[in-house]
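Q: Please show me the model, and then let us read its features one by one.

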Amino acid sequence: MSEVSEGVQVVDQVATGGEVELDGLKKKYGAVEAVRGVSLNIRRGEFLAILGPSGAGKTTLLNMLTGFEKPTSGAIRINGRDVARLAPHRRGIGVVFQHYALFKHMTVAQNVGFPLRMRRMPLREQRGHIQNALEMVKLEDYGTRFPDQLSGGQQQRVALARAIVFRPALLLMDEPLGALDKRLREHMRVEIKRLQRSLGATVIYVTHDQGEALTMADRVAVMNDGAVEQLGTPTDLYERPASAFVADFVGETNFFRGRSVLDADGRVRVVLDGDPSGNRREVDNDAALRPDRGVEVGVRPEQVSLLPVEGADPLAVPGTVSEVLYEGATALHVVETALGSLNARLSLKNVRETRWAVGDRVAVHWETHAARGYHVAG
Ligand code: ADP
């Protein structure tokens, strides 16, 4: 098959919505293992976010997908075809970066048509595809403008149109909203979701912003130190973090140190360091804990309640409010206790002002289902 006809075929016959398989994908730079054997199956039409802090290996993983980096080992299959050793432009992947990388001397239409020219599509066929892509991002009347005549958000939409114009099997987005201001970022989240749904596109979206990952993705892969630490729906990650790292990175968590003990009823409970009650406390995921180990118990600030000391539950921990930060719909209370300093985020839904002030004595309480235990070394 000639290069020309193969290029045209990519545009005409491969619809968006490919199935992607990463199989034991590894990348070493000398002694540094940037990606340590990542295996993921991304379903047709799925929106997968790759979330992780700086240095987690997200960019390296993405570069192996696009073809800018060669894996040390492992396979990448798109619709069953191994692409790991294919040149970037033969993989059928559309890419959107944080910096839109538009060609300044080209019009919007020329920018969007660039991938089609690269694939040597005849000019008369290009027009329909370009117009279609511009309509998808609501810029159909902007084809003759130049990038510097557009706002940041419009430029990012041109970059999106350029990425989808050849109907790639897979859309990769690397922090695509990172350069936009907060309001526009939130608006563009909705726009990208709408576009993805109407195209039925498979999207891999790299971000260090947990808000973006939780709101946009069907599933999120949390990366840490070159590996996927947890793969799950946004609810899985938030409600049932698999590790202290995930609990800390996705949302906020109070951590209390303690030790696991095997109770007479055969269940593992936790005694927290410094707990004045000395109680054996239940955690929601006790089945995952082994006895007689160091444990961290995580509780989300919005799951913590502050009650009057008189008549409090025997499991409640006494404390003193040291800080009250008004947040609008909620107020964050910092409380000093024998377990350490902790945060309680209280809803102001039915009250105008919080009932607690700095210096108040309170009883800190949380329900068993809100507490999760994680083993720590030692
Ligand atoms: P992220 O995108 O999540 O911030 P990266 O993929 O950029 O993470 O980096 C993962 C790890 O690999 C880091 O420790 C980084 O320093 C290292 N790394 C990335 N690229 C190179 C390179 N070209 N040479 C050596 N080390 C690299």
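Q: Which element gives the most to the lining of the largest pocket?
A: Rolling a probe the size of a water molecule over the atoms shows where empty space is left. Here strand 6 gives the most to the lining of the largest pocket, four residues in number; a pocket is an open set of points on a 1 Å grid over the protein atoms alone, where a 1.4 Å probe fits, with protein on both sides within 12 Å along at least five of seven lines, and lining residues have an atom within 4 Å of a point. Strand 6 (93–96), helix 3 (108–118) and helix 5 (152–164) each supply at least two lining residues, where helices (H or I, at least four residues) and strands (E, at least two) are DSSP runs numbered from the N terminus. This is a predicted model, in which local features need pLDDT of at least 70 and side-chain atom pairs count only at pLDDT 80 or more, while totals for chains, interfaces and linings use all residues. Residues are numbered from 1 along each chain as its sequence is written, and side-chain values use heavy atoms, with hydrogens and water left out.

Q: How much space lies in the largest pocket, and which residues are the closest to its centre?
A: The largest pocket holds about 520 Å³ of space, a volume being the space filled by probe spheres set on the grid points, which are joined across faces, edges and corners. Of its 21 lining residues, Ile-93, Val-95, Phe-114, Pro-115 and Phe-166 are the closest to the centre. By class, the lining comprises 15 nonpolar, four polar and two charged residues; Ala, Val, Leu, Ile, Met, Phe, Trp, Tyr, Cys and Pro count as nonpolar, Asp, Glu, Lys and Arg as charged, and the others, Gly among them, as polar.

Q: How do helix 5 and helix 6 cross?
A: Two packed helices are described by the angle between their axes and the distance between the axes. The axes of helix 5 and helix 6 (residues 182–199) come within 11 Å and cross at roughly 20 degrees, the axes being lines fitted to C-alpha atoms over the stretch in contact, with angles running from 0 to 180 degrees between N-to-C directions. Helix 5 is therefore roughly parallel to helix 6, since angles under 35 degrees count as roughly parallel, over 145 as roughly antiparallel, 65 to 115 as roughly perpendicular and the rest as oblique. In this contact (heavy atoms within 4.5 Å), Gly-153, Gln-156, Arg-157, Leu-160 and Ile-164 of helix 5 meet Leu-184, Met-188, Glu-191, Ile-192, Leu-195 and Leu-199 of helix 6.

Q: At what angle do helix 3 and helix 4 pack?
A: Helix 3 and helix 4 pack at about 120 degrees, their axes 9 Å apart, which means that helix 3 is oblique to helix 4. Seven nonpolar, three polar and one charged residues make up their contact.

Q: What is the phi of Arg-120, and where is Arg-167 found?
A: Most residues other than glycine have a negative phi. Arg-120, however, has a positive phi near 55 degrees and lies in the loop between helix 3 and helix 4 (123–136). Arg-167, likewise not a glycine, has a positive phi of about 50 degrees and is found in the loop between helix 5 and strand 7 (170–174).
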